[in-house]
Amino acid sequence: VLVTYPTEGDNPPPGEITIEATASDSDGAVVRVEFYAGATYLGQDAASPYACTWTSVPDGCYVISAKAIDDEGAFRADTAEVTVGTGCGQAPYHGVPFALPTRIEAEDYDAGGEGIAYHDTDPGNNGNQYRTSEDVDVQLCTDEGGGFNVGWLRESEWLEYSVDAPGAGTYSIEVRVASLSAGGVFHIEFDGIDKTGDIAVPVTGGWQTWTSVTATAALAPGRQIMRLVPTVEGFNLNYMDVQAPTDVPAAPGPSRYALYPCAPNPFNPSTTIAYDLPERATVDLVVYDLAGRVVRTLVAGESIAAGRHEVVWNGRDDAGRDAASGVYFCRLSASGHTETRRITLIR
Ligand SMILES: [Ca+2]
Ligand SMILES: [Ca+2]
Ligand SMILES: [Ca+2]
């Protein structure tokens with residue numbers, strides 16, 4: 001059995017689609033052909049030419065299959081991946097965004113097609129390599145590591161890549177380029193903002209004579225779209241090596257002294273006491289009983305750096321004995337600031 005329409009790479013408009021298939025059986029007869037979109041049964045046909053009308057098909061990406069069943073109940077199936085209308089939109093080529101830092105191969109631009117994941121000025125792939133049903137021009141690459149590169153990059157074209165930055169920071173990007181005689185200029189946008197400024201490509205003397213140019217981009221954390229934009233044509237593009245940021249900003253520290261409620265509370269056998277210091281301070285953290293007697297000294301006059309700190313109280317006194325069930329007070333004293341929290345120990 002063979003799906004004859006639509007076939008792999010076809011792009012029918014949404015609405016009504018008549019799926020066609022041919023089928024034959026060398027030692028018997030084809031009883032019927034069943035048609036599916038993914039796991040959804042669409043219909044069947046008992047006579048050649050085998051066809052099935054699929055109605056009200058929305059834009060999307062589908063795996064269409066035809067299953068031929070013979071007079072002995074045996075079956076064979078054929079499938080075709082089909083994009084209907086605008087397809088399923090922009091998506092990472094490998095299914096998940098590039099997790100930075102990583103190498104992004106130029107030819108692994110997002111799926112989704114012309115005007116969505118890329119813009120290319122001439123139909124078809126001039127290099128006829130790798131993604132041959134799309135318009136981005138990809139050819140074999142003889143740079144170290146081989147693979148493919150994007151060529152025939154024209155002004156006004158662009159390529160998009162879904163990326164995921166683990167944190168904010170200034171990322172260094174090393175871009176692998178080659179240029180026979182003209183050089184060129186490009187920049188890289190993230191979520192629509194030019195983050196690199198113009199990057200000049202030097203003349204390397206050959207379309208497969210490669211060099212690296214480096215730029216930096218201050219990125220926000222999270223998933224975003226990276227877009228490479230040639231503004232002066234004349235170069236080939238192999239990959240973008242995005243490197244880990246060297247200036248990861250420190251998380252902002254606490255702005256004031258604070259002693260947080262112990263957790264858990266009530267507790268048994270232990271509870272965690274957290275406190276904030278906005279600056280380095282001399283800290284005392286002491287547990288008292290209801291009569292005001294010291295039960296346990298957790299921190300005794302230590303100089304402690306700014307930040308969030310945690311101390312665990314295991315319910316024992318300074319002599320290592322289990323404290324009795326009851327209510328206790330935990331007091332933080334740090335550079336003149338004091339704060340007290342109530343804790344209940346249940347035996
Ligand atoms: Ca093209
Ligand atoms: Ca092109
Ligand atoms: Ca490449």
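Predicted model: local features only at pLDDT ≥ 70, side-chain atom pairs only at ≥ 80, totals over all residues.
Strand E21 and strand E22 (residues 271-277) run antiparallel and are joined by two bridges. One of the residues involved is Ala-258, whose bridge partner in E22 is Asp-276.

These strands belong to an open sheet of three strands, ordered E21-E22-E25, with antiparallel pairing. Strand E21 (258-259) and strand E25 (307-313) form its edges, each pairing on one side only. As background, strands of a sheet pair through backbone hydrogen bonds, either parallel or antiparallel.

## A hairpin to look for

Next, find strand E23 (residues 281-289) and strand E24 (residues 294-304), which pair in the antiparallel sense over eight bridges. Within this pairing, Tyr-288 stands opposite Val-294 of E24.

What happens at Gly-292 in the hairpin of E23 and E24? There are four residues between the strands, and Gly-292 takes a positive phi near 85 degrees.

Asp-120 and Asp-137 link distant parts of the chain: both sit in the loop between strand E10 (118-119) and strand E11 (138-140), 17 residues apart.

Which residue coordinates both the calcium ion (ligand 2) and the calcium ion (ligand 1)? Asp-120 does, and the two ions are 4.2 Å apart. Are Asp-120 and Asp-137 buried or exposed? Both are buried.

In soluble globular proteins, nonpolar side chains tend to be buried together. Here, the largest nonpolar core has 34 residues, and those touching the most other members are Ile-104, Leu-159, Tyr-161, Val-175, Phe-186, Leu-237 and Met-240. Several strands each supply at least two residues of this core, including strand E13 (158-165), strand E14 (169-178), strand E18 (210-219) and strand E20 (236-243).

Leaving aside residues up to four places away in sequence, Tyr-161 touches Phe-98, Ile-104, Tyr-109, Ile-225 and Met-240, among others. Its contacts also include Glu-105, Asp-108, Asp-110 and Gln-224.

Technical notes
Residues numbered from 1 in each chain as written. Chains lettered and ligands numbered in written order. Heavy atoms only, no water. Donors = N, O, S within 2.8 Å, 3.2 Å for Na, K, Ca; no water. Buried < 20%, exposed > 50% of the residue type's maximum accessible area, 1.4 Å probe, protein only. Core = buried A, V, L, I, M, F, W, Y, C linked by side-chain atoms within 4.5 Å. Contact = heavy atoms within 4.5 Å. Pairing = 2+ DSSP bridges.
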